[in-house]
Amino acid sequence: MAQINVTINGRSFRMACDDGEEERLHALAARFDDWITELRSAFGEIGDQRLTVMAGIMATDQLAEMEKKVARLEGELLGARRDSETSNDQLQSRDAEAAAALDQVASRIEALAHGLSKSLKPS
């Protein structure tokens, strides 16, 4: 397990993460620190704990919005899959109908050809 240091709100924190996840954790910490910096710019010095709570709420809000979007997109994907399956079923049904019609036409042509060959044969 890897150990890294991240800086959030001017403070260094030692954290553990899985091997290979160091860069990702640094990026997440930097993103969280950016939110704190943004909040400090908007509200001034309102206390480290309050800034951290507000940044945590911002992150949770973004997560909740993304979860809603994912749920909506999953619903749309499910609908698209159902539509695709319905279309495929309709296409297969039409293919079967066309094949049956072609069989009927082929039978008629064969019957006509048979009838013509009989009528063309000398008696």
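Contact here means heavy atoms within 4.5 Å, and buried means under 20% relative accessible area, exposed over 50%, and partly exposed in between (1.4 Å probe, protein chains only). Helices (H or I, at least four residues) and strands (E, at least two) are DSSP runs, numbered from the N terminus.

The model is predicted: local features need pLDDT of at least 70, side-chain atom pairs count only at pLDDT 80 or more, and totals for chains, interfaces and linings use all residues. Residues are numbered from 1 along each chain as its sequence is written, and side-chain values use heavy atoms, with hydrogens and water left out.

**The chain as a whole**

The protein chain contains 2 helices and 2 strands, in the order β-β-α-α from the N terminus. Its radius of gyration (over C-alpha atoms) is 35 Å, well over the 14 Å that the globule rule (2.2 Å times the number of residues to the power 0.38) gives for 123 residues, so the chain is more spread out than a compact globule. The C-alpha trace spans about 115 × 35 × 20 Å along its principal axes. Buried residues account for 11% of the 123 residues.

| Element | Residues |
|---|---|
| α1 | 22-43 |

Leu25, Ala29, Asp33, Trp35, Ile36 and Leu39 are the buried residues of α1. Viewed down the axis of α1, these buried residues fall within an arc of 150° (directions from the helix axis to the C-beta atoms), so they line one face of the helix. On the other side, Glu23, Arg24, Ser41 and Ala42 are exposed. Gly44 follows α1, and its phi is positive, near 80°.

**The nonpolar core**

A nonpolar core is a set of buried Ala, Val, Leu, Ile, Met, Phe, Trp, Tyr and Cys residues joined through side-chain atoms within 4.5 Å. The largest one has 12 residues, including Ile4, Val6, Cys17, Trp35, Leu51 and Ala55. β1, α1 and α2 each give two or more residues to this core, and α1 contributes the largest share, 5 residues. Leaving aside neighbours within four places in sequence, Trp35 is in contact with Ala55, Met58, Ala59 and Gln62.

Notes. Expected span 1.5 Å × (residues − 1).
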